[in-house]
Amino acid sequence: MTEPKPAEKPEPDDTAPVTPAPETAPERPAEEPADQERRPGFGSLFLRYVTTANTVMVTLYSFLLAMVIGAVLIIVSDPAVRGTFTYFFSRPTDALSASWTAVSDAYAGLFAGAIVNFTTLAEFQAGEATIGRLLSPISETLTYAAPLILAGLAVGLAFQAGLFNIGAQGQVIMGTVGAALIGFGLHLPAYLHLPLALLGGAIAGGLFGAIPGVLKAWSGAHEVITSIMLNYVALSALGWIITNEFVKDPDPNKQYAISKPADESSLLPRLAGMLGIDAPGLRANLGIIVAIAAAALVAWLLAKSTLGFRMRAVGLNAHASRTAGMSVPNTYITSMGGAGALAGLAGATLVLGISPHALTHGVAGEVGFDGITVALLGRAKPWGVVAAGLLFGALRAGANTMQSTLPLDMVTLLQALIVIFIAAPALVKAMLHLKVPAGGLATTTAKGW
Amino acid sequence: MANDHIDLTVEPGEIHALLGENGAGKSTLMNMLYGLITPDEGEIVIGRPDAADPDGELVDTVHRFQSPGDALDAGLGMVHQHFMLVPVFTVAENVILGRETSKGRTGLLDRDSARAAVREVSERYGLWVDPDALVEELPVGVQQRVEIIKALISDCELLILDEPTAVLTPQEINELLDIMRQLRDDGKSIVFISHKLKEVKAIADRITVIRRGKVVGETSPTASESELAAMMVGRDVRLTVEKEPASPDTPVLEISDLTVADDRGTHAVDGLSLTVRSGEIVGVAGVQGNGQTELAEAIMALAPTIGGTIRIAGDDMAHAKTHEIIEAGVGYIPEDRSLDGLVRDFTIAENLILNRYNRPPYARRGVLNAAEIQRRAADNIETFDVRTQSADHTAASLSGGNQQKVIVAREFSRPLKLLIAAQPTRGVDVGAMEFIHSRIVAERDSGAGVLVISSELDEVLALADRVAVMYDGKIIAEVSPDTPRDEIGLLMAGSTGDDEEAAGD
Amino acid sequence: MTTIDVAESAESTALHGFWTRSRKVGTVLAVLGIAVFLIGLTMTAGAEASVRFNLTLPEAAAAFPAKPVVLTLGAVAVLLGALLLTGRVHLPFGLTVGVAVAAVVLALLIWAIARPGNTLQIDTVLKGTMLLALPLIFGSLSGVLCERSGIINVGIEGQFLAGAFTGALAGTVTGSPWVGILAATVAGALVTFVLAALAIRYVVDQVVLGVVLNLLVLGLTGFLFDRIMKDNESATNLAMRVPEWQIPILSDIPAIGPALFGQNVFVYLALVLVALVYVMLFHTRWGLRTRAVGEHPVAADTVGIKVNSLRFRNVLIAGLVSGLGGAFLTIGEALPFSENMTDGKGFIALAVLIVGRWNPIGGLLGALLFGFAMQIEQFLSSVPGGSPVPSEFLAMLPYLVTIVAVAGLIGRVRAPAADGKPYTKA
């Protein structure tokens with residue numbers, strides 16, 4: 001797990017030709033046809049764009065490929081549909097229509113649960129459904145997206161500094177603890193209580209997240225292993241904290257271990273209420289605004305601040321950064337601390353935004369792990385993470401409504417498939433016979449231990 | 001294009017030198033010949049004795065090697081510039097790798113016969129080496145011997161030596177040349193790749209010169225050095241750097257009794273003392289691996305020191321941090337450009353402020369000033385003649401010479417008290433080399449003290465006002481750059497007195 | 001291995017002056033020892049607090065007063081720590097630390113259970129240790145096979161899960177645990193096939209890939225469990241059982257006999273595999289080539305070794321081995337499959353691999369250490385009268401041990417030089 005030694009590194013320049021690398025040249029043709037030559041026309045330009053393995057198209061195709069594989073799984077795992085395949089050759093239409101029904105029902109359900117249900121829309125237009133029911137899918141998507149975006153930012157920020165933060169889950173858990181402790185432990189007016197509770201979550205997550213950074217800085221221990229182990233430590237710690245006298249809900253009728261609920265004054269207000277919409281069922285809350293504000297902050301940090309400059313420099317080449325006088329260990333600690341704070345914030349939005357506003361064993365769900373896929377899909381870029389978080393939030397919201405027909409694991413599966421294709425653009429390119437874009441394929445580079 | 005329709009013919013029992021400057025395409029050619037790179041077009045014809053009639057005409061076969069395995073089968077052996085040895089293996093393990101034999105039917109490695117084979121070749125050609133030694137613990141000269149044994153043991157007919165002398169002392173070079181002659185007399189053919197005129201003249205039977213991927217001529221070793229140099233570079237070469245005599249002033253770098261450990265824990269720098277004054281260039285001459293890297297890194301606080309003091313402009317800097325040393329007015333050109341000098345995926349503009357990114361005017365209160373950064377980049381690109389379309393292109397898109405100019409621009413754009421230049425022109429073309437040399441001299445003339453560390457003796461002699469010869473972690477002599485090369489060569493081999501035995505191992 | 005020790009102890013002296021790694025570790029051990037000693041002093045003396053060691057047979061049981069035992073063990077840790085601290089006596093570092101840590105752990109264990117009537121069932125603890133270590137042994141062996149040839153395998157967790165699921169399914173459907181085991185190895189290899197294809201052919205970052213593959217298998221097995229197994233457990237997901245084989249005489253050795261020679265077939269498989277991989281790796285042509293490919297692939301290529309196909313093959317073999325580890329979790333433990341039942345064992349196996357220095361035998365020892373930590377946790381949380389430490393903290397023990405081991409040992413160990421670096425020709 002040591003850094004590569006300078007001596008082992010081959011020197012490409014000794015044998016490299018003295019001509020500039022090709023990367024600069026091919027960029028021109030991409031612009032020229034648009035401005036000067038009108039001949040290719042929009043149609044053929046569009047065609048060329050969609051048949052090239054550029055970032056946008058790889059992302060889109062990854063999504064589609066994952067959906068196709070998901071469809072295959074839905075078909076083969078459905079006993080009724082499988083049954084129709086036993087007599088496929090005598091009556092193929094049965095098998096095909098059964099397959100089509102199973103897949104289209106599943107994906108239509110996903111869409112209806114995530115974005116808009118057309119039946120409800122029709123009812124709403126006819127005056128039979130409330131605005132609350134109509135907006136419910138979007139509201140659910142935003143509710144799920146907020147912590148996902150924050151957790152994705154936590155993984156993405158660490159990626160920028162060359163660190164793989166698999167410990168987001170543990171940091172989210174610590175964030176829920178920090179927010180909940182302030183939420184029910186203090187009694188303050190809302191304008192103080194909410195910010196303080198959010199801050200409590202961020203600080204708890206940040207301190208916990210800094211641990212792998214410190215370990216890496218001091219001993220060189222790889223953050224992947226230490227942060228995974230800390231996930232389990234956090235889970236056990238949560239279990240202990242919940243049963244603590246000070247924390248435990250005193251109500252003896254509770255069926256399972258749960259903490260006291262956070263005060264009303266510390267909760268994230270619901271968007272519907274803030275916008276004056278009378279729909280008590282809409283859960284979407286200020287959390288999504290917090291998440292987007294955090295993304296903006298991270299974007300600014302990376303692009304405009306000296307700290308972000310240092311993080312990116314260390315992430316891309318720790319040796320050169322050290323030679324230029326930057327402190328690599330400090331950067332590791334700061335980056336992991338910052339990442340942990342973002343994950344902690346995700347935890348805070350879970351406790352302060354979603355009922356029962358209290359700590360339970362499953363309070364953090366899988367948000368931290370999902371953050372990894374969100375960050376990979378968003379390519380570790382803040383706005384990419386926002387988009388990815390919204391997408392996965394939608395998947396999660398949709399899965400809840402289709403849970404009757406399909407297990408929730410379907411979403412985990414789809415997420416993992418999407419991200420595998422994203423991580424392997426060369427595979428997508430080969431499967432779909434795409435062209436290589438100017439500047440090559442965008443791949444995450446392997447660093448080794 | 002690294003190679004453009006090159007024709008090369010090597011006769012049996014000849015040493016054929018392939019001469020060309022860094023980046024001319026020599027290594028690319030040889031990697032194709034060896035199957036590491038597959039050529040776009042062209043073919044390789046190899047003549048070998050017919051098995052049925054060993055003394056008759058050679059039988060030609062046409063090849064297009066897809067892998068080194070093919071090349072090996074065809075009787076080619078290669079000693080690479082970067083040794084192809086597994087550091088954690090023993091000599092014997094390295095030698096048998098790829099052609100292992102087993103003990104009977106057990107399937108277990110037959111290490112005994114491997115040892116015996118190594119000893120046999122060692123004795124036949126006088127290449128002594130312990131078959132059980134771990135390669136990473138051997139000096140480079142011996143590692144090279146292992147490479148040669150590796151090639152010989154597979155009965156190669158054509159041996160390719162890629163820049164074999166770069167890492168050797170003058171004495172080791174002489175030994176290598178002797179070995180080459182012996183192999184030639186044994187009937188082997190040798191391709192000797194080098195950019196060093198003296199060696200090529202000394203050993204080659206025929207010389208092919210290549211430039212920019214093309215053969216520019218074939219000649220015999222009787223050609224004069226300046227003829228060869230002109231062919232190699234394409235114009236008359238200035239072998240000297242124009243500069244006025246130095247006017248050394250106050251000391252800017254005082255090192256006394258410095259000791260530094262390398263990654264392996266041995267004392268790479270061992271009680272070294274050295275002084276550099278403002279207005280002079282001190283050149284450190286020495287064979288690679290005698291502690292030069294660690295010396296430079298210790299001055300920059302990049303390698304932890306065990307003992308001794310480092311004073312920069314009079315201040316004790318032994319416990320300073322790297323950024324404090326940079327702040328004190330020390331510029332640093334690291335020897336490994338792509339590893340330590342640049343962030344390849346950063347833009348040129350970002351690389352130019354890599355060590356000033358958090359200082360005014362490029363940043364205030366933690367916020368970068370994009371306009372100021374762009375202004376600086378535009379300014380530097382023009383002044384230092386960096387060939388690029390835009391400051392927003394990545395450093396990786398630049399050629400080696402232009403990457404080096406970015407580093408030079410970064411370091412020379414502020415007043416320096418001291419400049420540490422390690423291998424400042426490694427792997428750059430002649431134009432960039434001359435440019436960098438003249439900037440270093442200009443830096444001296446404006447009052448900085450300069451420490452040039454280079455394994456190219458010619459570079460040290462051309463630049464330095466004073467030459468410090470480094471051997472085994474110490475400065476063993478300080479001489480004038482006018483000192484005869486032979487004398488400096490002996491010093492580089494560690495021989496300070498009247499005896500020459502120290503050159504061996 | 002010995003050469004590394006020499007070089008690195010020299011490095012420590014060189015880089016850190018007085019505070020070498022062994023001095024730091026020595027200090028920590030001495031402090032731990034003193035803590036144990038102090039805890040021992042607070043214990044009540046006399047027969048009231050005694051600890052009984054039971055070595056299988058009733059007559060072999062022996063009772064010791066707990067206090068002196070704890071004090072002695074504390075003193076041993078202090079002594080060993082002090083020896084490391086002085087730096088005078090040259091001790092084998094790993095062994096010294098191992099003994100001192102074992103002394104501390106044992107002392108705390110005795111302190112925790114020292115109540116009248118409690119018995120420390122040595123043979124049960126050792127047997128349990130072996131069983132808990134088993135998946136880690138398979139996992140770290142799989143890691144050895146991958147990483148020695150230069151491919152990082154963070155996906156062990158996923159391979160376990162795939163093996164566990166497939167093993168349970170195929171075993172139940174066919175009614176034969178042996179078919180289940182076979183199917184599990186194939187499932188493990190299928191996962192590593194994806195790993196190999198994407199890492200080698202499509203040059204995907206191996207750490208990222210491993211993590212995502214884990215998620216993929218987690219999702220896939222969860223999905224299939226839900227769709228196929230959940231409503232039809234009796235036909236698809238039964239607890240299978242493989243026979244225990246008692247090796248005559250050997251299994252009667254006190255304490256270690258039952259742990260090593262009275263176990264189910266997986267234990268023997270694991271021990272044989274450790275020995276086999278060790279010999280293969282260091283004494284055969286395949287091993288030499290594998291290590292060459294993991295250390296210096298270009299050098300291997302120049303002597304005609306097909307780097308990527310060798311890597312591909314080894315990663316597939318590694319999948320077979322980790323699939324076996326997965327099969328153990330269901331078939332070997334006689335448990336039905338449940339979602340995410342691996343619970344991080346694959347990641348601990350990865351840590352074991354590092355702690356064991358990418359060496360099969362090191363991995364075995366490391367796995368036993370972690371198995372012991374987990375066994376202690378299980379043992380203490382089931383002690384009559386309750387443990388003085390909350391069970392949640394005991395549950396953290398294996399994970400904390402992993403962190404300490406990785407943080408404490410890294411720098412002393414060195415990964416194969418080309419580990420995680422894809423080999424592509426220019």
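**View 1. The side of chain C that touches chain A.** In this predicted model, 49 residues of chain C are in contact with 47 residues of chain A (contact: C-beta atoms, placed from the backbone, within 7 Å). Helix H8 (206–229), helix H15 (345–355) and helix H17 (391–409) of chain C each supply at least two residues of this side; helices are DSSP runs of H or I with at least four residues, strands are runs of E with at least two, and both are numbered from the N terminus. H8(C) gives the largest share, 17 residues. Sorted by class, the side of chain C that touches chain A holds 35 nonpolar, 7 polar and 7 charged residues (nonpolar: Ala, Val, Leu, Ile, Met, Phe, Trp, Tyr, Cys and Pro; charged: Asp, Glu, Lys and Arg; polar: the others, Gly among them).

Residues are numbered from 1 along each chain as its sequence is written, and chains are lettered from A and ligands numbered from 1 in the order in which they are written. As the model is predicted, local features need pLDDT of at least 70 and side-chain atom pairs count only at pLDDT 80 or more, while totals for chains, interfaces and linings use all residues.

**View 2. Chain A, with 20 helices and 0 strands.** Of the 449 residues in chain A, 53% are buried (buried: 20 or more other C-beta atoms within 10 Å of the residue's own, with C-beta atoms placed from the backbone). Among contacts in chain A between residues at least 6 apart in sequence, 76% join residues at least 24 apart.

**View 3. Packing of H9(A) on H17(A).** Helix H9 (residues 168–185) and helix H17 (residues 367–377) of chain A pack at an angle of about 135 degrees, their axes 7 Å apart; axes are lines fitted to C-alpha atoms over the stretch in contact, and angles run from 0 to 180 degrees between N-to-C directions. H9(A) is therefore oblique to H17(A) (under 35 degrees is roughly parallel, over 145 roughly antiparallel, 65 to 115 roughly perpendicular, and the rest oblique). Residues of H9(A) that meet H17(A) include A:Ala168 and A:Val172, and those of H17(A) include A:Phe369 and A:Ile372. The contact has 5 nonpolar, 5 polar and no charged residues.

**View 4. Helix H15 of chain B and its surroundings.** H15(B), residues 430–445, has 16 residues and reaches 23 Å from its first C-alpha to its last, close to the 22 Å expected at 1.5 Å a residue (expected span: 1.5 Å times one less than the number of residues). Its buried residues, among them B:Met433, B:His437 and B:Arg444, pack against strand E11 (281–285), helix H14 (400–412), strand E17 (418–422), strand E18 (449–453) and helix H16 (457–463) of chain B. Just after H15(B), B:Gly447 takes a positive phi of about 110 degrees.

Note on methods. Two residues are in contact if their C-beta atoms, placed from the backbone, lie within 7 Å. A residue is buried if 20 or more other C-beta atoms lie within 10 Å of its own, exposed if 12 or fewer, and partly exposed in between; C-beta atoms are placed from the backbone.
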